[in-house]
Amino acid sequence: MFMTISPARPLTLDPHSAATLPAALLTHPVFGRDLRVGTRGSPLALVQTRSFMAQLGEAYPFLEIFGSIKAQEISTRGDRDQSRRLAEIGGKGLFSKEIHEALRAGRIDFAVHSLKDLETFLPDDLMLGCTLRREDPRDALVLRDRGALRPGNDPLSALRKGAIIGCASIRRQAQLLARRPDLRFCLIRGNVQTRLNKLEAGECDATFLALAGLNRLGLGDRADVVFEPEAMLPACGQGIIGITLRRADDGLRALLPALEDRATRHAAMAERALLEGLDGSCRTPIGGYAAITGGRLTLHGLIASEDGSFVLRRSLSGAPEEGAALGAELATQLRRDTPRAVFERLIGQPGW
Ligand SMILES: NCc1[nH]cc(CCC(=O)O)c1CC(=O)O
């Protein structure tokens with residue numbers, strides 16, 4: 001099919017002399033194309049995009065030798081509106097709408113997303129082309145006063161009574177309140193560094209961040225307490241980078257399987273099917289996390305009320321390839337086991 005050239009080989013080719021190039025390369029559908037990779041402009045988004053570009057360039061050196069791969073920053077509504085919770089701004093595709101418009105218009109060829117920010121239903125002419133290997137999916141607590149850390153089994157023991165948690169996620173808030181109803185919350189949004197700055201400035205006592213984001217930014221040592229999924233179920237897709245592209249672009253689509261991490265793909269399919277099945281808006285605290293151990297995929301799901309007074313957890317296991325079916329089934333179980341009155345309040349729509 002497609003040529004992958006070992007790193008040493010391109011050096012023996014003269015890029016100006018087509019005659020010395022293998023025919024398979026010359027007829028490759030993306031030979032000589034200048035590829036644009038769309039991304040949000042936050043430092044984390046740019047690190048993620050560079051990682052994708054590096055993996056693409058490594059798998060297909062000819063792309064950079066006979067063409068180019070460049071990043072294209074695109075600002076989204078989610079980036080511009082920093083004063084409200086995502087749950088309040090509402091709407092799907094808050095971090096991807098403008099990027100997907102650029103993709104459809106051909107201004108970019110790939111788009112790089114944090115999968116947890118990517119809506120479950122993509123426009124028909126676009127698709128999720130691949131998922132890169134997952135970073136650590138866990139949530140982490142960053143404390144203003146590291147001295148408050150006490151050894152012990154309760155990860156929340158570092159938080160004094162009535163501590164103020166800077167947090168924009170109703171999923172994290174609900175799970176925390178379920179265990180510590182005394183905690184108070186203030187809204188801090190913005191990129192990871194902005195949040196850390198606000199913490200240092202004293203706007204709150206602690207903040208929750210995805211460990212994946214901290215690690216990718218080289219800030220992993222700022223994580224004071226890391227929560228196992230049993231203690232804090234991550235968001236569906238947390239820690240996963242997903243690449244979208246035009247469905248009709250066969251040449252580019254064919255490049256992506258080489259970058260795909262299969263275990264990550266299976267987990268992503270399970271978690272996204274769960275989210276889709278729950279049909280939650282970002283106003284509903286929902287968690288979902290799948291992991292493969294011993295050849296079996298186990299999917300954990302959670303639905304809660306914002307104040308933590310209701311938290312329901314369920315898990316299912318099956319073959320990794322059946323992730324999507326497991327996700328749909330787990331969604332059905334969570335729906336079924338959520339009291340109707342609670343559900344109508346959560347989702348704001350009857351018919352569950
Ligand atoms: N909603 C913001 C967002 N989207 C992805 C990440 C982190 C990276 C990831 O989960 O892959 C973050 C920041 C955070 O939640 O701390």
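Helices (H or I, at least four residues) and strands (E, at least two) in these legends are DSSP runs, numbered from the N terminus. This is a predicted model, in which local features need pLDDT of at least 70, side-chain atom pairs count only at pLDDT 80 or more, and totals for chains, interfaces and linings use all residues. Residues are numbered from 1 along each chain as its sequence is written.

**View 1. The whole chain, before we zoom in.**
The chain holds 13 helices and 13 strands. Of its 352 residues, 40% are buried; a residue is buried if 20 or more other C-beta atoms lie within 10 Å of its own, exposed if 12 or fewer, and partly exposed in between, with C-beta atoms placed from the backbone. Two residues are in contact if their C-beta atoms, placed from the backbone, lie within 7 Å. Among contacts between residues at least 6 apart in sequence, 70% join residues at least 24 apart.

**View 2. Arg-246 and its surroundings.**
Arg-246 belongs to strand β10, which covers residues 241-246. Is Arg-246 buried or exposed? Arg-246 counts as buried because it has 21 C-beta neighbours inside 10 Å. Leaving aside neighbours within four places in sequence, the contacts of Arg-246 are Leu-103, Asp-125 and Leu-126.

Five of the five residues in strand β3 (residues 110-114) are buried. In a regular strand the side chains alternate between the two faces of the sheet. Here both faces of β3 are covered, with Phe-110, Val-112 and Ser-114 buried on one side and Ala-111 and His-113 buried on the other. Two strands pair if DSSP finds at least two bridges between them. Strand β1 (residues 34-39) runs parallel to β3 and is joined to it by two bridges, with Val-37 opposite Phe-110. The pairing of β3 with β10 is antiparallel and has five bridges; Val-112 has Ile-243 in β10 as its bridge partner.

Strand β5 (residues 139-143) and β8 run antiparallel and share five bridges, and Leu-141 stands opposite Phe-208 in β8.

**View 3. The largest nonpolar core.**
A nonpolar core is a set of buried Ala, Val, Leu, Ile, Met, Phe, Trp, Tyr and Cys residues joined through C-beta atoms within 7 Å. The largest one here has 77 residues, and those with the most contacts inside it are Phe-52, Ala-140, Val-142, Ile-165, Ala-270 and Leu-274. Helix α11 (residues 262-278) gives the largest share of this core, eight residues. Not counting residues up to four places away in sequence, Ala-140 touches Leu-209, Leu-211, Leu-214, Ala-223, Val-225, Val-226 and Phe-227.

Strands β11, β12 and β13 form an open, antiparallel sheet in the order β11-β12-β13. Its edge strands are β11 and β13 (311-318), and the twist averages 15° from one strand to the next. Helix α11 packs on this sheet, touching β11 and β12, with its direction at about 150° to that of β11. Helix α12 (residues 323-337) also packs on the sheet; it touches β11, β12 and β13, and its direction makes about 150° with that of β13.

Eight bridges pair β11 (residues 286-293) with β12 (residues 296-304) in the antiparallel sense. Gly-287 stands opposite Leu-302, and Ala-291 has Thr-298 as its bridge partner. Two residues lie between the strands of this hairpin, and Gly-294 takes a positive phi near 55°.

How values were computed. Axes fitted to C-alpha atoms, helices over the stretch in contact; angles between N-to-C directions.
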